[in-house]
Structure formats: C-alpha cells, structure tokens
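Subject: Structure handover

Hello,

Here is the structure you asked about. My notes follow below it.

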Amino acid sequence: MTGTTTPHPPSAPLRARAEIDLAALRANVRALRAHAPKAQLMAVVKSDAYGHGAVPCARAALEAGAAWLGTATPEEALALRAAGLPGRLMCWLWTPGGPWQEAVEADVDVSVSGLWALREVTGAAARAGVRARVHLKADTGLGRSGCQPHDWPELVAAALRAEADGLIRVVGLWSHFACADEPGHPSVAAQLTRFREMVAHAEERGVRPEVRHIANSPATLTLPEAHFDLVRTGISLYGISPSPEVGTPADFGLRPVMTLSASLALVKHVPGGHGVSYGHHYTTPGATTLGLVPVGYADGIPRHASGTGPVLVAGKWRTVAGRIAMDQFVVDLGGDEPPVGARAVLFGPGDAGEPTAEDWAKAAGTIAYEVVTRIGTRVPRVYTDNGDLQGSVDAAV
Ligand SMILES: *Cc1c(COP(=O)(O)O)cnc(C)c1O
C-alpha cells in the first residue's frame, strides 16, 4: 500500500512522478468486460496495484464495473477493507498462522490449497461465529500453489464436511495458468481439461460453487473457453499486454495507465572522451551535452537497463549512458540543450512519442509487469482523471 495522501499543488515541479490515468484504467475495465461478456471481472490489485496504487485503482475499477477485487496476501486485502473498499474481495497467498479470523470477519474470501489451510480457516470461522467463504484451489499444472489431483478428493470431502458443520461455504473452485501468455502452448489445453475434471469431481460430490475461475489477463484476452464465471485480470487493467506474443495493448483496446517522468537535474557540456557514471561504461564519442535524470534503481529503474534504457527528452529518444545508479542516471543529449528541469519521460502510453514499459522491459531483459510493479515508494503517484490532475499526490515517502 502507498502511504498518506498529502495535498500538493498539481502543477508543482517534482523530481519525478508516476502519473496514473484513472480514466484509462476505467476504460480498460470496460474493454476487458467486453472481451469476457459472460463472466464477472476481478480487478487484481496485488502489490499496490502493480505499482499504480491499490486504493485509487481498486475504487476506479469498481466504478467501471469490476465485481471483485483480488490480492495476493491477506494483509493487502485487509488494507483495502480498512480503506473502505466494499464488495467481493479475495486473497490467495496464505501461510500458517495467517490472519484468517481477521479476513473472515472482514468479509474477505479466502483460498484453500490443502488440508492445513482448511483446518486454519474452519478454526477461525468457529471462533468468529461467521461462515468463511472459501475457494478451493486446484493445481492443474502450474506446480505452484493449489491441490494436486491425487489429493483433491480428500480436500473436497473435508471441505464438504466443514460446510455441513456450518463453518465454511465453498463459493469458488479455481486454478491458475502457467503459459497462457504463450498462446497455443500445449499446457494451456491440458490445464483446461484437468480443471474441468477437478470441477466435475467437486460438483459430483455436492460442491455448489458460485464461481469457477482460471483465466488471468492472457487467457481473458485470447481464450474465451477459459472464462467460466469470473476472469482475474491484473496487468491488462493497467493497459499493458501480458506478452508481445499475445499482442499490443491497442490490439485489445487497452491503454497504459502509468506515465513515469522526471525533471532533468542538470544539463551540461562535456568534451569528447569523458567517462560517464560508475565504472565508466560509457565514454562520450565527441563533445556533447549530458542530461542528469534524477531517478535510479532505488526508484525501481532496472539497473539491467544500464546503457540501453530509452528516455524521451526534448522530442527525441535518448539512451541511458553508462550505469544506472541508486538515485540517478545520465543521458547523452548529443549537443541538444534542453533547459534544466525539462521533462524526461521514461515510459507512458507511447502516443506522445515516449517509450513504453514494454520498451523498458526489453532493454532490461525482463517483463513489463516487473517494470511498473517495482517503481518505488519514493516516486509520488499523481492521479489524473480525463487528463485533469486531481490535485493530490499520493506520496508514500
Ligand atoms: C497475479 C495473478 C493474476 C493476474 O494475472 P495477470 O497476468 O496480471 O492478469 C490472476 N490470478 C492469480 C492467482 C494471480 O496471482
């Protein structure tokens, strides 16, 4: 979660800012619902909404028609409740001794992958005097959390006993894909088949789920037969494609939500042959100008993009010159002289000529999920709506 919202003149210059376009996020929710018209939509807002700010993004997603919110950890879910977020809210990453009772009392749906978790949630429900809403998770092939097929009958039977005892209600049967971002990967069809079998087994034994769900963003965008009753969309909400193989955001009517920019902290002339930044991995090829961009790996700028990351400054793409340091990096401006304070745009929607988070992912050898999610708490999130700054900065510092 980001910290407190502090009043801040919207036009004030900032070292760096991540503008979060809530109108784009709402439009993305509507576009995703159109891709999965028969299913409900869960807005996945884990990890501070992939770095975009969980509370404002969750609110905007609900306003645009998301019926559910989803987080990884129970702490993230409880923080959303504490902030007043209503409606269906599910979390799935539990460890023994987790806040089961707090979750049940806060009306949070929980995931159960095994008998130990079922014991903990039934105990918490008994103490709270409230029926817990449980989603049984099947490992259909991802090999991460979820119940293996050979353990499923025992878990289903135990859950049905807890339901008969009035302690839980099994409201969901669910799973997660390993390779949905590689359309046509044979594991996708295999996982779907396994999921149908495991759902059928549970239903034959008497489970009556409200929702069966397996689709993440790539499956929501490319695989209608995986939509079932609910789709769980994360990265696509933020206007980013799950992978280049799936397509571009524009292919699906999605628009990137985050624009990351900084104000140049220095512009200066240097002679040719001048080393730049730690280790001198860049040397100016001739007399040139350098611009200092005051963000670094402490702000989540990937150090692996040293020498490769693109930045739009004064109408042109520049490339990170030398190493990205903790708090700053340098771009070679090739003799151009933008004023100190000029805006350097690292990434955004791309339609004003700036790079995208996907471009940074390529430069750093990672995925765009990681690029946006790691933008640090030292970078204020500035929320905009239909292009208007909202007049507050969520500065988690
Ligand atoms: C993160 C996550 C999602 C969302 O995945 P995207 O690819 O970002 O849409 C869905 N379900 C689970 C279980 C997750 O952990």
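Which residues does threonine 288 touch, leaving out those up to four places away in sequence? They are Lys268, His269, Val270, Asp332, Leu333, Gly334 and Gly335, where contact means heavy atoms within 4.5 Å.

This is a predicted model, in which local features need pLDDT of at least 70 and side-chain atom pairs count only at pLDDT 80 or more, while totals for chains, interfaces and linings use all residues. Residues are numbered from 1 along each chain as its sequence is written, and side-chain values use heavy atoms, without hydrogens and water.

Threonine 288 sits in strand 15 (residues 288-293); strands are DSSP runs of E of at least two residues, helices runs of H or I of at least four, both numbered from the N terminus. Its relative accessible area is 6%, so it is buried (under 20%; exposed is over 50%, partly exposed in between; 1.4 Å probe, protein chains only). Its side chain makes a polar contact of 2.6 Å with that of aspartate 332 (N or O atoms within 3.5 Å, one able to donate a hydrogen and the other to accept it; residues adjacent in sequence count only if both atoms are side-chain atoms).

An unreviewed UniProt entry places "active site" at Lys46 and Tyr278; such annotations may be inferred rather than shown by experiment. The two are spread over 233 residues of sequence and up to 34.8 Å between C-alpha atoms. Lysine 46, in helix 2 (residues 46-50), is partly exposed at 26%. Tyrosine 278 is exposed at 61% and touches Arg323 and Ala325, again not counting residues up to four places away in sequence.

Regards
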